[in-house]
Amino acid sequence: MHTLTLAELATKLRAKEFSVMELTNALLGRIEASQPKLNAFVTVTGDTARAQAKAADAAFASGKAGPLTGLPLAHKDIFCTRGVKTSCGSRMLDNFVSPYDATVVEKLNAAGMVTLGKTNMDEFAMGSSNETSYYGPVRNPWDLGLVPGGSSGGSAAAVAARVAPIATATDTGGSIRQPASLCGITGIKPTYGRVSRYGMIAFASSLDQGGLLALSAEDAALVLEAMAGFDPRDSTSVDTPVPNYAGTLNAPLAGLKIGLIKEFFDKGLDANVEKLIREALRVYEKLGATLLEVKLPALPLSVPTYYVVAPAEASSNLARFDGVRYGYRCKEPKDLMDLYKRSRGEGFGAEVKRRIMVGTYVLSAGYFDAYYLKAQRVRQLITSDFKRAFDEVDVLIGPTAPDVAFGIGAKTSDPIQMYLNDIYTIGANLAGVPALSIPCGFVRGLPVGMQIAGPHFAEARLLNVAHMYQKETDWHRQMPAAFKPEKLS
Amino acid sequence: MSLNRDQINSIAHLARLSLTDAEIPVYQDSLSKIVDLVGQLEAAQTAGIEPMAHPLSGLSSRMRPDVVTEGDQHELYQRNAPQVEAALYLVPKVIE
Amino acid sequence: MSATASGWETVIGLEVHAQLSTKSKIFSGSPTAYGSAPNTQANLVDLAYPGVLPVLNQEAVRMAVKFGLAIGSRIAPKSVFARKNYFYPDLPKGYQISQYELPVVAGGHLDVVLDDGTKKRIGVTRAHLEEDAGKSLHEGLPKQSGIDLNRAGTPLIEIVSEPDMRSAKEAVAYLKKVHTLVRYLEICDGNMQEGSFRCDANVSVRRVGAEKFGTRAEIKNINSFRFVEKAINYEVARQIDVIEGGGKVMQETRLYDPDKGETRSMRSKEEANDYRYFPDPDLLPVELDPAFIERVRATLPELPDQKAARFVATLGLSEYDAGVLTSSKELAAYYEEVAKLLAAGKEPTKEQAKLAANWVAGSLAAALNEHNLEITESRIDAQRFAALLGRIVDNTISGKIAKDVFEAMWAEGKDADAIIESKGLKQITDTGAIEKAIDDCLAKNPGQLADYRSGKDKLFGFFVGQVMKATGGKANPAQLNELLKKKLAG
């Protein structure tokens, strides 16, 4: 059961080859066994899962099942889940039980999906390796001494290890795509505004977007359709209809124009990674696509732009964590100032504090114009670059991450080193365009991802382009050896 | 380094973050490196470019009708409160 | 003390925070009603729970636009919400959603009339939308404060004046005008005790003739017109003392203490808070098209100045009387109804208008004040009041007696006619009866009569008083005067 994709599970559940309860229990068992190795979960919601499984089986019995009924998933612990601990990977929310469900959670519950648990993540979504979590690092199922990527490391590891067939996640600078690349799975970040941010704990409001980590583009298409859509509770949510993503997965690619970003294929791209990307592009050419070089000259400034805008917004978004109404409060505060400083100083980890301080600095009097306003202008340049590129091509294809998974602890001493992991992914967040990553090979036995980006609201096209590649190749079906057996030791 | 100790202290104060003496140089070092990184923006040619606050250009504010849609659920909401008395959130005395 | 007399000039700017009377909050669907039990009107958005987002209330926008149009300002076709970042327990998000560089209303003015009748135009710099904070309560908790977030998220319009005022009296006149206007527009109930209309005053002094403004201090926590005047006067004197003593005025925030009648520095407040304003990424810019603005314009009522001008032009009232009667829409409506009833459906004559004005602004206003009632709570409605005035006009009673009838109507709730009847207060207009009373009086007071005829004119009043006494106050004064003159002339 664990080797099946979500689409295959759906078919077999409908064919009554096994019950939702059987599937759920099997996965819960795998999760429990994998926890000491992966540490992918903060909370396993066994009781909830079994209750939902029971209801799903009843729905199947009475013929009332929908396309997603009974399909299990995990939620990144950044999505508020009613009655269930929601920690955001932080000591600050270690004692926080959310009184409400995020819109994404509500929608997938309503579709009949079964929640297996809340996955581990970099604290407040700040990180590219899942090493900043209060609950300890998550390990890469392909090699437990390596990072799974971040910030959605828990979701990625869970899916790659086949302990959950699909997981929700969020992407602010690459936090879905980069772990997808490092874990050999499919990850999609939709267009900004496509998926509601209500109930998705905010890191950087103009960059955050909810998405999925899955075993295939087809799986992602199935669940994205249910997840996406206008939400009146989110003022930045866009009111355009959600297409039937699954329906266009097999559209032929003849005439597809693929852009290769000159600035990404320049110096600095690892030769092994480049080789795999170029092999993948040959597959696309065989399918009828043509390749064009495009120039996005402002794109190399993505990382500095991001590290002004994201921390600035985060410094403000995280100001609500003050020990007053919920969350961590320091012991015996002497006075109000002490309450604030120690609750926040003790409740937040180092990376979060670092970014809050950067954000505070770039917004402060005297620096606002030089940093924040400047960054927002460069952001405009980058966005215009993407727009111009999409006037010439349909999609952009390139590397997702500069390298394969690195060792736990290898990059933690130098934040800049860590930040450069997102060099290829950040641009899409700044411009708000959709992008996904799918596996395209291995280097030294470790997965490499290929990124596919498109103009606003081109998710259907991206999933189609990804799916057609996955029909020609089987990188996405490769499983980490340690997690191949049904019963994990 | 781009930032000195005093700046680190005043930033931490503005952000209400306690820093131990040992932590100050550590943050001074990493923050300075980050400031150097973002200093790369200075060279960008942005004359005449508008700052972009939203990726969704051309969209304007959605508004909702003036209707009360919420009831009193303070008991539920206050379950997470560190200190509550008579439905008030308690903090050390606020001097006005 | 007069500042200008001693060579000093006062410069005042006012910031008014008016709570908009929407049903729900500006960014959440919580109710805005005043006085509920703590934290029963604070939902997840108001409490700044993780993951929540603001959604703008269209009525708050409409009300702000209405205000802007009423003061002749420019409505921004695009305005932006910005975050004002600072830490305070009554500010759950750690930032207030406000407007900074692009407010919804820019420019505008209000014309005020001062006590001596002079007019002055006070400029308005801007007015913007923002959310209110919660409240800190300190009673009954020795070392702690209790935070109530019911008020957090209530929509406010912050109205910033130009520093055009030059005295505390001007400031009060401006404040009263703003207060009247927001109530006319029905965008704010103006209740200063409940905190729905608050004022901060920026006060500075400079030598007469100086070009630059002096350093200003901001006075907060002024919640009545009286206190505004006192606080400003105290502060002006304080600043002059400081400068004349060789010191410098500090740019700081001060609180007005009504018990001691002084302002004092807010020691605990952060000096020079760096608010790090930036556009709120959770909210898109507010774009208002001209059609929307015109639709709002069409809902503007007759504004106070327009109504007062109409009273002067068509009813012949003095500017002063018109000003008093238009100080609230309800008072003006009451007055107009009384005047119309008095005129029996025709256009009121100048005399009728003036009579009604005197009485509404006089006895009625005094009674409302004494009993702390709004005109809408008046114990005498417009019909019954007009009926009383009608009895003066038709000479049934004198103006003096009418005052007694009014008191009785107020106390007993009866009609004028019923009271006049039951107390036998009808005016004596029978010439014969008055003549007889005069004859009696002169006969009873031969000495004074002789004195009067030998030149002591002042005694006329004595005779009037005596006849009035004898007739129980009911002799028609005009007739009495005329007849008495005749009889005294011999």
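1. In this predicted model, Glu23(B) and Lys353(A) are joined through their side chains by a salt bridge, with 3.8 Å from N to O; the term is used here for a side-chain nitrogen of Lys or Arg within 4 Å of a carboxyl oxygen of Asp or Glu. Between chain A and chain B the count of such bridges is 1.

2. Polar contacts between chain A and chain B amount to 14 residue pairs, both residues being at pLDDT 80 or more. A polar contact is a pair of N or O atoms within 3.5 Å, where within protein one atom must be able to donate a hydrogen and the other to accept it, and where residues adjacent in sequence count only if both atoms are side-chain atoms.

3. On the side of chain A that touches chain B, the elements giving two or more residues are α9 (302-317), α10 (336-347), α11 (350-363), α12 (369-392), α13 (415-419) and α14 (426-431) of chain A, and α12(A) gives the most, with 12 residues. Helices here are DSSP runs (H or I, at least four residues), numbered from the N terminus.

4. Taken as a whole, 65 residues of chain A are in contact (heavy atoms within 4.5 Å) with 48 residues of chain B. The two chains, A and B, bury about 4900 Å² between them, of which 71% is on carbon and sulfur atoms; buried area is the accessible area (1.4 Å probe) that two parts lose on being put together, summed over both. Of the area that chain A buries against chain B, 13% comes from Lys341(A), Met357(A) and Arg377(A), more than from any other three residues.

5. Within chain B, Ser32(B) belongs to helix α2 (residues 23-38) and is buried, at 3% relative accessible area, where buried means under 20% (1.4 Å probe, protein chains only). Leaving aside residues up to four places away in sequence, Ser32(B) touches Met1(B), Ser2(B), Leu3(B) and Tyr27(B).

6. Over all chains there are 0 disulfides, a disulfide being a pair of cysteine sulfur atoms within 2.5 Å. Cys188(C) is in none, and the nearest cysteine sulfur, that of Cys199(C), is 13 Å away. Cys188(C) is buried at 4% relative accessible area, and Cys441(C) is also buried, at 8%.

7. On conventions, residues are numbered from 1 along each chain as its sequence is written, while chains are lettered from A and ligands numbered from 1 in the order in which they are written. Local features need pLDDT of at least 70 and side-chain atom pairs count only at pLDDT 80 or more, whereas totals for chains, interfaces and linings use all residues, and side-chain values use heavy atoms, with hydrogens and water left out.

Note on methods:
Buried < 20%, exposed > 50% of the residue type's maximum accessible area, 1.4 Å probe, protein only.
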